[in-house]
Each structure stands twice: as C-alpha cells, then as structure tokens.
Amino acid sequence: MGELAPDTLHVYYRDFAYEPRGPFRMASVNIADASAKTFAELLSGPMVDIYVGEAKRHWALHRNLLCHHSAYFQEHIGDDVKKKTAKLELLDSDPAAFELLVKWLYQGRIDDVSAMPVEKKWDYAHACQKLYVLCDRISLPQLKNIAIDQFRKGCNEAGLVPGPEEMKPIYESTPPGSPFRKLVSKIAARQIMDPESTSDAGTYKMCFEGNADFAIDVINAIRQGAGGTLFEDPTEEVGCAFHEHENGANCHSRNGNAK
C-alpha cells in the first residue's frame, strides 16, 4: 500500500465500507475541516457506552472518533478491537461538561457564550470550567483552551467572578502550573486588592486551608499586581501599633498621657 493522504485515518474495526488499517493517527486539525471520507471513517465501526456522573448518564459514541481525538480514549478503549462495543465510566465528571465535549467531538466547536442571554452566561461559564477539568483528564489541550476562553468571556459578560466554591475544585483537579490555576488565583488576588470589593483574604479561607499552592499563587499575583509598590517598613513605625490594647486604647492613654 502506498503512502496515505494527509487526511486519511486508520480505523480499528472492519465494516462494510472500509478496510482494516491498524492503529490510526491522532487528530491534528479541527474535525469540522476533515474531508467527507475521513469523517465517514470516524463514524464507522463499533460504539462505546460511556456513563458520566453519579447518575451514570449514558452516551453511545463512535470509538474511532473518540480515539482519533484523545490518547486517553485510545489507551482505555482503543486496544480491544474484537468487541463491537466497549464501556467506559467517568463517574466523577459532570454531564453538562460532557455534553459540550460531545458537541466538540462531532462538530469541532462549542457554543459561544456571547450569543447567549445574560441570565445564562454564568451557568455556561461554570460548565466550561468543568469541561476544562474533564479535558485535562482526557488529554484534550485544544478544547481546554476553548473552554478557558469561554469561561473568561462568560464571567466578563455576566459581570460575575468565581468564588471560593468554584476555585477550590480547580486546585483539587489540576496540576501545579495549570493555566486555570493561574486564572482563578489572579481573580482572587484582584478581588482582595479591589477597594470596592467586599472580599478579603478571609473570603478564600476554604481555598487556603490544606492548599499551599493556592496561597502561594495568590500572594505572587498580588505582588505582581501591586506594580512594585512597597508599603512602609513596619519595623520603622513608632508608637504602639503592634501592642495589645483593650477597647481601642493605646499605651499613652493607659498611663494618663493621651494626646
């Protein structure tokens, strides 16, 4: 057999239309740009039963397509070529996020939050956050980038930012150096620094507890955001600023020398 065309895929399963060609290459272009022949090959062959979330919501998806997009799927369901169906459970993933993944797998895109009404933007942004975590798990960097961009845009257009309840799972589910960690730590730092915000460091106590990385990232973000501004040296302050007093009194008033 001669050299394959650039958009030709190898498929695992022999059906009425395509010859078996062994392991196929991973995706390098958007599925929406694939040729008709390539797309038809991806939608041939066996299906995979995937169960998502605690309720085990079920999807039946094409194995060739899954393995084409993700090394994770190829590792977990791609080698058993004798079975016409395979099974995979993602019980700790979110069904709303998986819905977005399915759309991207088959269409090469997800919806743009800018086209949604304001009241739906935050929910969609939150779903994109969960999509990012899912893509981090199954090794889909291209969709991770799309998800984080949609999250940022959704927050901006909704006029909302994630709170500690949304930030904590990011640090629990992504590795050090993750772009999403960088994003939420900068959001927390900005909220702490904003004089018009009601948030302070205590707002993020649940994130600080047991997660030194979050504390380090937020402090570093505050340092960067301060633009080199240095507060006064506390060792040079005079008076009793660091003494213990009762009822707001100072050392001089206790001694009868109040100014």
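**Helix packing and aromatic pairs**

Helix α5 (residues 118-138) and helix α6 (residues 141-158) have axes that come within 8 Å and cross at roughly 160 degrees. That makes α5 roughly antiparallel to α6 (angles over 145 degrees count as such). The crossing is left-handed. This is a predicted model, where local features need pLDDT of at least 70 and side-chain atom pairs count only at pLDDT 80 or more. Residues are numbered from 1 along each chain, and side-chain values use heavy atoms, without hydrogens and water.

Now the contact itself (heavy atoms within 4.5 Å). The α5 side includes Trp122, Tyr124, Leu131 and Tyr132. The α6 side includes Leu143, Ile148, Phe151 and Gly154. The residues of this contact divide into 13 nonpolar, 3 polar and 4 charged.

Next, the rings. The whole structure holds 7 aromatic pairs (ring centres within 6.5 Å). Tyrosine 132 and phenylalanine 180 have ring centres 4.8 Å apart and planes at 65 degrees, so the pair is edge-to-face (planes over 60 degrees apart). Tyrosine 132 sits in α5 and phenylalanine 180 in helix α8 (residues 179-193), 48 residues apart. Both are buried (under 20% relative accessible area with a 1.4 Å probe).

Phenylalanine 180 also pairs with phenylalanine 151, at 4.9 Å centre to centre and 55 degrees between the planes. Phenylalanine 151 lies in α6 and phenylalanine 180 in α8, so the pair ties together parts 29 residues apart in sequence. Phenylalanine 151 is at 0% relative accessibility, and phenylalanine 180 is at 0% as well.

Elsewhere, ring pairs link Tyr171, Tyr204, Phe208 and Phe214 into a cluster.

Notes. Axes fitted to C-alpha atoms, helices over the stretch in contact; angles between N-to-C directions. Helix = DSSP H or I, 4+ residues; strand = E, 2+ residues; numbered from the N terminus. Parallel < 35°, antiparallel > 145°, perpendicular 65-115°, else oblique. Left-handed = near helix turned anticlockwise from the far one by under 90°. Nonpolar A, V, L, I, M, F, W, Y, C, P; charged D, E, K, R; others polar. Phe/Tyr/Trp six-rings, centres within 6.5 Å; stacked < 30°, edge-to-face > 60°. Buried < 20%, exposed > 50% of the residue type's maximum accessible area, 1.4 Å probe, protein only.
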